[in-house]
Amino acid sequence: LVTTSDGQPIPTDIEKQAYDAIATKPGRTTSRTQLQSDINAIYSTGYFGNVKGDLQDTEIGVKVTFVVEVNPVLKSVQTEGATVLEAGTIDKIFGAQYGKVTNLRDLQAGVKELEKYYQDKGYVLAQVADVKPQPDGTVTIIVAEGVVEDIKVGFLNEEGKAQNADGTPVRGNTRDFIVTRELSLKPGAVFNRNTVQ
């Protein structure tokens, strides 16, 4: 038996996912280890935020009840910290999931696609720092895009090394601003490999 903690009905397709994950079947023996394995299997479907198992002795055997907390319906995905993300990218990645019960595996696949988007655009330092699902069906993705803090100019000697034999930095004749004024990448901008190239 699969039920929600508040007695609310489970969507039929989601309930089927839970039943399909359970290895314990009526008429067979079971154990606490098997019960824990079933709990893990239900949880790994991605549709449930909490899963508990309950065993009750009866006259003819053991009654196993799995009490689940179904994730909310996904209404929207928002970002925090995203400044170079093109408009519509989030909806393009996650839009097919809107209006359906949030599946944490599908959500994670979307996060990987978002990170790939950044990589493909040259933002190689960008990464998703956190994913915060809310009970109301919104998800906030916190992105660290990799902002350039400072640019320093260094020089190489004839051997291609940045330090002399005595360990001191190689000094050049060109002043730093002569080099930095030619760069389109500036402190405060999001690091982009293509721009640096």
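Colleague: What is the bridge partner of Val128 in β6?

Modeller: In this predicted model, Val128 is bridged to Val143 in β6.

Colleague: And how do you know that β5 and β6 count as paired?

Modeller: Pairing takes at least two bridges between two strands. Here 6 bridges join β5 to β6, residues 138-144, and the two run antiparallel. So 6 bridges meet the cut-off of at least two, and β5 and β6 count as a pair.

Colleague: Why is β5 called an edge strand?

Modeller: Look at the whole sheet: it's open, has 3 strands in the order β4-β6-β5, and its pairing is mixed. β4 (76-80) and β5 (127-133) each pair on one side only, and these are the edge strands. From one strand to the next, the twist averages 25°.

Colleague: What makes you say helix α4 packs on that sheet?

Modeller: Contact means heavy atoms within 4.5 Å. Helix α4, residues 104-120, touches β5 and β6, and its direction makes about 150° with that of β5.

Colleague: What makes Val62 a residue to look at in the largest pocket?

Modeller: Val62 is among the lining residues nearest the centre, along with Thr24, Lys25, Pro26 and Val64. The pocket holds about 320 Å³ of space, and β3 gives the most to its lining, with 3 residues.

Terms used:
Residues numbered from 1 in each chain as written. Predicted model: local features only at pLDDT ≥ 70, side-chain atom pairs only at ≥ 80, totals over all residues. Heavy atoms only, no water. Helix = DSSP H or I, 4+ residues; strand = E, 2+ residues; numbered from the N terminus. Axes fitted to C-alpha atoms, helices over the stretch in contact; angles between N-to-C directions. 1 Å grid on protein atoms, 1.4 Å probe; cavity = no way out; pocket = protein on both sides within 12 Å on 5 of 7 lines; lining within 4 Å. Points joined across faces, edges and corners; volume = space filled by probe spheres on them.
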